[in-house]
Amino acid sequence: MQLALFIIFGALALGGAVNLLLQHHPIHSALSLVVVMMSLAVLYWSLGAEFLAAAQVIVYSGAIMVLFVFVIMLLNAGEEEHTHGSRAAYTVGIPGAAAIFCLLSFVFLSERDALGSVNIGGSLSNAADNISELSSVLFTKLLLPFEVTSILILVAILGAVVLARKEQ
Amino acid sequence: MTLDPTTLVWFIPLLPFAGFLINGTLGRKLPRPLVSAIALLFTALPAAIVAWLWNAMRGTDSLLFTAGVPWISITGFQVDFVFAVDHLTLIMLAVVTGVGFLIHIYSVGYMAHEEGYWRFFAYLNLFMFFMSVLVLAENFLLLFVGWEGVGLASYLLIGFYFKKTSAANAGKKAFIVNRIGDFGFLLAMFLLIVHFGSLSFVSVFATVAQHPEWHGAHFLTVIALLLVVGAAGKSAQIPLYVWLPDAMEGPTPVSALIHAATMVTAGVYMIARAHVLFDASPTACAVVACLGAATAIFAASIGMVQHDIKRVLAYSTISQLGYMFLACGVGAYAAGIFHLLTHAFFKALLFLAAGSVIHALGGEQDMRNMGGLRTRTPITFWTMSAGIFAITGVPLFAGFFSKDEILYRTFTAPGPLPKLLWLVGLVTAGMTSFYMFRLWFKTFFGEPHFDEKAELHEHGAAVHLHSGTHAVMVADHDDNARGHAVHESPWIMLLPLVLLAILSFIGGWVGVPAALGGHNEIESFLAPVFANPAAPEAPSTGSHGLELALAAVSVLVAFYGFYVAYLWYYKKPGTAAVLAERAEPAYAILSHKYWVDEIYANFIVTPLLMFTRGFLELIFERGVVNGSGKASGTAVRGLAWLERTQISGNIRSYAGWLALGAAAVIAIMIFGRAVWMHP
Amino acid sequence: MVPTAYYLVLSAMLFSLGIAGFLIKRNVISVFISIELMLNAVNLTFVAFAHMWGQISGQIFVFFVMVVAAAEAAVGLAIIIAIFRTRRSLNVDDIDLMKS
């Protein structure tokens with residue numbers, strides 16, 4: 001079951017990411033990203049993080065991506081132009097990205113045995129459930145960061161309002 | 001009053017220090033009367049405390065110690081802030097606070113129209129603080145603090161007219177030459193720590209007293225000689241006297257207080273205080289005596305041909321300090337301190353009176369432009385005459401008793417050398433008499449050589465621009481400025497003169513020797529201080545008859561000096577000029593002060609400057625410091641150029657480089673540990 | 001049984017695809033979308049490790065990452081709007097004021 005979930009939704013995520021790269025219109029990229037996020041949500045659920053899976057769907061793809069789509073519509077973004085501003089990006093960046101991928105997968109794969117394997121609902125089954133364990137930590141040990149993030153969001157709202165305001 | 005003396009003693013230095021702080025920080029904004037009031041108050045109170053202490057301690061001859069505040073405390077060595085008062089301290093304190101107070105009063109009048117008035121009094125109070133610390137100190141290190149401090153105050157006050165280059169240079173010279181002496185003092189202190197493990201007077205002197213076998217020991221001689229180097233710097237003996245004549249650039253009250261009465265006597269005080277060490281080292285004593293005598297006659301010879309009234313007094317001070325050193329060298333410490341006391345009175349008087357003369361003439365200091373002031377400034381004349389009689393040793397005046405005590409004790413000291421020194425001292429006395437009466441006649445008698453009709457403005461022109469040859473009239477004009485003729489000084493300046501004149505007359509009466517019917521109270525007062533059980537009492541080879549005979553001889557010599565001055569400067573005023581021309585080479589040597597300043601400049605200062613400029617400046621300053629600065633600048637510029645090629649403004653190129661950098665970092669993190677761990 | 005390493009490799013792939021998108025895309029909003037992709041890849045890594053160690057802290061981290069990503073997205077898009085108003089262009093290569 002685990003394997004099936006992983007293969008299907010993993011492939012879906014990868015496909016969505018590749019599509020994101022290949023599309024010319026930002027709206028198509030945004031929608032591809034939504035696909036990626038949804039598949040990741042399933043993967044989270046399969047890894048025992050139910051709350052995060054829900055948050056991913058509700059917050060990330062439900063709110064943030066909607067925000068992206070709204071902005072694309074607001075700005076009437078069209079297809080990308082074909083400018084080539086920088087050669088460094090291609091000559092240096094792509095090899096860099098490839099290098100990162102190779103390094104990381106090398107490390108992960110060479111330690112494959114030490115990393116163990118994934119069981120659905122395996123190691124966290126002794127907890128009451130995911131959300132109560134999460135919340136018990138968030139509201140006791142990490143109360144301060146929790147409250148601070150709410151202030152962070154407030155600041156972000158203010159900032160966004162100020163920045164996007166029309167000049168009078 | 002049951003005031004505890006040990007706490008009161010702390011106030012003696014601290015009150016002037018408070019005055020310094022107040023006047024120094026707030027003085028600029030305060031009105032002048034308030035500044036003066038603060039300065040005077042914080043000087044009068046210590047004087048009152050000293051008077052009270054005199055009363056309390058006169059009968060006893062015990063030492064008074066204050067509680068010690070720990071200062072340096074390491075294993076094997078400890079120094080505390082401790083003040084100690086004995087009879088010697090009392091005499092010094094009386095001089096410092098009493099004469100200091102009188103000079104403060106005088107300064108209120110003298111400096112009345114100077115800018116920087118508050119600064120002057122702040123520095124004066126600072127000086128009083130350090131000088132009190134110096135005489136109250138119970139250990140060498142605290143004494144050294146006061147020593148350095150008075151050097152600093154002297155520098156600040158000599159260079160008071162800092163806008164004048166010569167004044168600033170004189171201040172520097174004083175401080176630097178002093179420093180050379182201080183080097184000797186420091187070495188002496190190090191040796192004391194090595195040999196005695198302590199710098200406290202009580203413990204060092206007790207240790208020496210317990211070891212009579214150390215008499216004449218090598219290390220004691222070295223320590224004593226190094227102390228003499230320090231004293232020579234502070235008390236202007238050969239070869240470190242060159243700063244004192246230049247120090248006359250400072251305002252006259254400064255010359256009176258610091259360079260006559262108190263700071264320059266610190267060296268004598270220090271030798272007297274450390275007399276135990278000197279008693280145990282006959283070589284050092286001989287050196288001190290010879291140094292004193294040589295300086296005395298040397299300075300007197302230069303003083304005979306000086307034209308600036310303050311310079312004459314400066315060389316006279318050096319000469320009289322030589323007498324004090326001579327006294328200490330032959331073991332007559334009480335006589336040396338006695339002369340210190342009387343010298344404080346009459347030398348301060350002479351300087352203040354000279355200041356009054358200069359003030360009266362609107363800034364004139366060259367005696368060739370003076371004359372006939374006897375009738376125009378009578379009080380100044382009479383008070384200065386008292387001072388002159390005192391210094392030349394006219395009987396009954398203060399200097400007579402102290403100087404003759406020194407000469408008598410020198411003559412009766414064992415060995416042949418002291419007789420020679422006595423002769424030198426006698427000749428010097430003659431010279432002293434000559435140049436002082438020369439000053440007397442040139443200033444107060446004869447025809448005036450200044451322009452009487454000239455408009456000498458009130459509070460004269462540049463009392464402070466004593467350029468020397470002729471009065472410089474640069475006064476700001478009052479609205480209703482009218483010229484005044486030569487006038488007497490205001491009473492605030494005359495009062496201290498009168499008081500000091502009285503002291504110059506009666507001040508010697510505390511030391512009237514038995515030969516002349518007195519009891520020599522000062523000798524017995526200081527006896528407990530200078531008693532030294534370890535040193536054998538030198539058999540006194542003198543007698544009352546000898547003392548009277550020697551006194552008569554010195555009076556005769558002094559009279560001879562007076563007579564020659566009378567002939568050359570009063571009877572026939574042109575004689576001196578004629579003789580100077582005839583004895584051209586001798587006169588040239590004297591008037592050029594033996595070319596000592598030039599010798600120092602050529603053989604010491606110039607090579608030092610060449611070394612500094614040529615080697616140090618070239619190699620270190622230019623090479624290392626500037627070079628490294630320039631190199632780092634070039635490096636930064638190179639990096640900046642490199643960076644500029646990067647900042648294309650294109651976000652994507654940034655991102656590209658970022659990705660590459662991130663890959664590199666990840667690679668290092670993954671493989672770095674392996675590389676690091678592999679030995 | 002899927003080895004945890006595979007999840008991690010998947011996340012690495014998504015991450016490098018995000019970087020590539022950042023480099024290739026010329027529309028500012030597309031660049032932002034690539035950034036979001038990168039963030040998601042990292043989230044996956046955290047959750048996988050949280051599962052592996054059996055600790056909740058990985059998931060808490062993801063929680064906070066989501067919050068911050070939300071705030072960042074809001075502010076970033078506001079900036080893009082502001083830039084668009086003056087430049088009337090959403091091309092990344094046109095935003096080069098820092099060129100020296």
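This is a dialogue on how to read several features of a predicted model.

Student: How is confidence read here, and which elements of chain A have the lowest and highest values?

Tutor: Where pLDDT is low, the predicted coordinates should not be read in detail. For chain A the mean pLDDT is 87, with 92% of its residues at 70 or more. Confidence within chain A is lowest in E1(A), at a mean of 77, and highest in H2(A), at 94.

Student: What is the order of elements in chain A?

Tutor: Chain A has 6 helices and 1 strand. Read from the N terminus, the order is α-α-α-α-β-α-α. Of its 168 residues, 32% count as buried. Taking contacts in chain A between residues at least 6 apart in sequence, 57% join residues at least 24 apart.

Student: And what is the order in chain C?

Tutor: From the N terminus, chain C runs β-α-α-α, which comes to 3 helices and 1 strand. Buried residues are 60% of the 100 residues in chain C. For contacts in chain C with a separation of 6 or more, 47% are between residues 24 or more positions apart.

Student: How many residues does each chain bring to the contact between A and C?

Tutor: Chain A brings 73 residues and chain C brings 60 residues. On the chain A side, the elements that each supply at least two residues are helices H1 (2-22), H2 (26-46), H3 (50-74), H4 (88-110), H5 (130-138) and H6 (143-164), together with strand E1 (117-118). H4(A) gives the largest share of that side, 11 residues.

Student: How is the chain A side divided by residue class?

Tutor: The side of chain A that touches chain C has 54 nonpolar, 14 polar and 5 charged residues.

Student: In which sense do E1(A) and E1 of chain C pair?

Tutor: E1(A) pairs with strand E1 (residues 2-3) of chain C in the antiparallel sense, over 2 bridges. One pair can be named: A:Val118 has C:Val2 as its bridge partner in E1(C).

Student: What does the check give for H20 of chain B?

Tutor: The 16 residues of H20(B) (491-506) should span 22 Å, and the end C-alpha atoms lie 22 Å apart, which agrees.

Student: Which residues of H20(B) are buried?

Tutor: In an α-helix there are 3.6 residues a turn, so residues three or four places apart point the same way. In H20(B) the buried residues are B:Met493, B:Leu494, B:Pro496, B:Leu497, B:Leu500, B:Ala501, B:Leu503 and B:Ser504. The buried residues of H20(B) pack against H3 (87-110), H15 (333-360), H17 and H18 of chain B.

Student: Take one residue, B:Ala390. Is B:Ala390 buried or exposed?

Tutor: Burial is read from the number of C-beta neighbours inside 10 Å; B:Ala390 has 32 and therefore counts as buried. B:Ala390 is in helix H17 (residues 378-392) of chain B.

Student: With which residues is B:Ala390 in contact, leaving aside neighbours within four places in sequence?

Tutor: They are B:Thr342, B:Phe346, B:Phe397, B:Ala398, B:Gly399 and B:Ser504. As for B:Thr342, it is 48 residues from B:Ala390 in sequence and 8.3 Å away in space, C-alpha to C-alpha.

Student: Where does a cis peptide bond occur in chain B?

Tutor: The backbone angle to read is omega, which is about -5° for the cis bond joining B:Ile238 and B:Pro239. B:Pro239 is in the loop between H8 (218-234) and H9 (243-246) of chain B.

Student: What is the phi of B:Ala236?

Tutor: Phi of B:Ala236 is positive, about 55°, although the residue is not a glycine. B:Ala236 too lies in the loop between H8 and H9 of chain B, and B:Ala236 is buried because 31 other C-beta atoms lie within 10 Å.

Student: And what is phi for C:Arg88, and is C:Arg88 buried or exposed?

Tutor: C:Arg88, also a residue other than glycine, has a positive phi near 55°. C:Arg88 lies in the segment after helix H3 (57-87) of chain C. With 9 other C-beta atoms within 10 Å, C:Arg88 is exposed.

Key. Residues numbered from 1 in each chain as written. Chains lettered and ligands numbered in written order. Predicted model: local features only at pLDDT ≥ 70, side-chain atom pairs only at ≥ 80, totals over all residues. Contact = placed C-beta atoms within 7 Å. Helix = DSSP H or I, 4+ residues; strand = E, 2+ residues; numbered from the N terminus. Nonpolar A, V, L, I, M, F, W, Y, C, P; charged D, E, K, R; others polar. Pairing = 2+ DSSP bridges. Buried ≥ 20, exposed ≤ 12 C-beta atoms within 10 Å, placed from the backbone. pLDDT = per-residue confidence, 0-100. Expected span 1.5 Å × (residues − 1).
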